[in-house]
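Let's take a walk through a protein fold together, one piece at a time.

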Amino acid sequence: MPKAPTVEDVALAAGVSRQTVSNVINTPGIVKEATRERVQRAIDDLGYRPHMAARRLRTRRSSTIGIHLDPYAGGISGVVLDRFVHALTERAGDRGMRIQLYAARSPDEEIARMGELTDGGEVDAVVITGTFHGDPRTRWLAERNVPFVAFGRPWGADDVESPAHLWVDVDGAAGTRAATQHVLEIAGPRVAFLGWPAGSGTGDDRERGWREAMAEAGATGERIACEESVGLARAATAVLLANGGAVDGIVCVSDSLAIGAHLAAAAAGRPDLPVVGFDNTPAAEAIGLSSVEQLPEQVASGVLQLLMGPSGSVVEPRLLAAGEAHVLVEPRLVVR
């Protein structure tokens with residue numbers, strides 16, 4: 001079998017010293033960009049992979065990123081986080097990093113688990129998901145100087161120019177704005193919004209996109225709300241359609257609610273009523289519903305960019321200018 005490439009092989013191919021190669025692998029921030037790119041090209045061309053055990057002993061880093069694994073709750077829309085974790089694992093592997101999954105049933109339990117992992121040196125950084133107003137996890141991580149990125153914004157007064165922490169999120173308002181504009185174009189001005197009860201950061205953000213598109217078009221539509229449930233969405237939509245039925249289409253905060261709305265419309269004799277969901281799950285695809293896709297693969301790339309830089313292979317403390325501490329991924333509308 002061919003001999004695996006060594007650090008010396010990389011150094012020779014890049015025309016640099018062995019120490020420079022080591023610096024690019026372990027502390028890329030101290031190497032000039034042009035040199036770093038030349039070494040990285042040599043690494044890629046040769047297929048070099050650092051010896052992880054020796055690297056951990058030398059750098060006192062685990063080369064591991066921890067992420068909370070949500071409990072299985074069934075339903076329709078959970079596949080988004082599954083795709084995100086899968087993509088994060090793949091992309092982290094490309095950078096010489098591993099993903100450590102951990103389970104917790106509450107924020108307090110998650111904090112305790114993160115404490116065990118960071119105190120024991122098992123992870124170099126953490127990725128959290130499902131942020132919310134007053135999230136104690138972000139405060140705990142910041143107070144202990146643990147490098148972390150959130151899939152979900154801080155939900156503060158100024159999340160963009162002066163965010164409370166590094167974050168990546170999907171522009172929910174942009175998604176529902178595009179969905180609403182689509183329904184206005186193909187159906188008519190009376191577009192309803194089926195959302196979650198007020199107070200959810202994600203839900204309120206998606207509702208904002210609907211309101212903005214309706215205001216721009218000079219249109220009006222009813223806002224109805226229910227918890228995340230196909231059955232509750234079906235019941236709420238049935239009431240809406242029974243009260244005169246003055247609805248040209250419905251934009252929904254999730255695919256679960258969209259499926260419920262579609263079932264209610266079909267039962268009311270309006271199976272062709274345009275209904276658009278959010279998440280583009282296999283369930284929405286199977287019954288032919290249009291939906292907004294979050295693109296979690298792009299979210300995963302954004303998370304690693306904030307944690308490790310554009311091409312870094314280790315987690316390093318990063319000082320970011322205003323506006324550079326977040327990545328906002330624009331979703332795409334999938335029309336069926």
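Before we start, one handy definition: the expected span of a helix is 1.5 Å times one less than its number of residues. Also keep in mind that what you're looking at is a predicted model.

Now try that definition on helix α6, which covers residues 107–119. This helix has 13 residues, and from its first C-alpha to its last it reaches 18 Å, close to the 18 Å expected. Just after α6 comes Gly121, which takes a positive phi of about 70°.

Which residues of α6 are buried? They are Glu110, Ile111, Met114, Gly115 and Leu117. Here's a bit of background that helps when you look at a list like that: an α-helix has 3.6 residues a turn, so residues three or four places apart point the same way. As for what covers the buried residues of α6, the cover includes strands β1, β2 and β3, along with helix α7 (136–143).

Let's zoom in on one of them. Gly115 sits in α6 and has a relative accessibility of 8%, so it counts as buried, since the cut-off is under 20%. Gly115 and Val146 are 31 residues apart in sequence, yet their C-alpha atoms are 9.9 Å apart in space.

Next, find the sheet. It is an open sheet of six strands in the order β2-β1-β3-β4-β5-β11, and the pairing is parallel. At the edges are β2 (98–103) and β11 (326–329), each pairing on one side only. Ignoring direction, neighbouring strands in this sheet are turned by 20° against each other on average.

Take a moment with β4 itself. Phe148 and Ala150 point one way from the strand, Val149 and Phe151 point the other way, and all of these are buried. Step over to β5 and you'll find parallel pairing again, with two bridges between β4 and β5; Ala150 has Trp167 as its bridge partner in β5.

One more step takes you to β11. Four bridges join β5 to β11, and the two run parallel. Here Val170 stands opposite Val329 in β11. Arg153 is in the loop between β4 and β5. Is Arg153 buried or exposed? It counts as buried, because its relative accessibility is 10% and the cut-off is under 20%.

Now look for helix α13 (residues 296–308), which lies across β1, β3, β4, β5 and β11. Relative to β5, helix α13 runs at about 165°.

Finally, let's visit helix α10 (residues 230–242), where you'll find Leu232. Leu232 has a relative accessible area of 44%, so it is partly exposed. Setting aside its neighbours within four places in sequence, Leu232 is in contact with Cys226 and Glu227. The C-alpha atoms of Leu232 and Gly260 are separated by 7.4 Å, although the two residues are 28 apart along the chain.

Key. Residues are numbered from 1 along each chain as its sequence is written. This is a predicted model: local features need pLDDT of at least 70, side-chain atom pairs count only at pLDDT 80 or more; totals for chains, interfaces and linings use all residues. Side-chain values use heavy atoms; hydrogens and water are left out. Buried means under 20% relative accessible area, exposed over 50%, partly exposed in between (1.4 Å probe, protein chains only). Two strands pair if DSSP finds at least two bridges between them. Axes are lines fitted to C-alpha atoms, for helices over the stretch in contact, and angles run from 0 to 180 degrees between N-to-C directions. Contact means heavy atoms within 4.5 Å.
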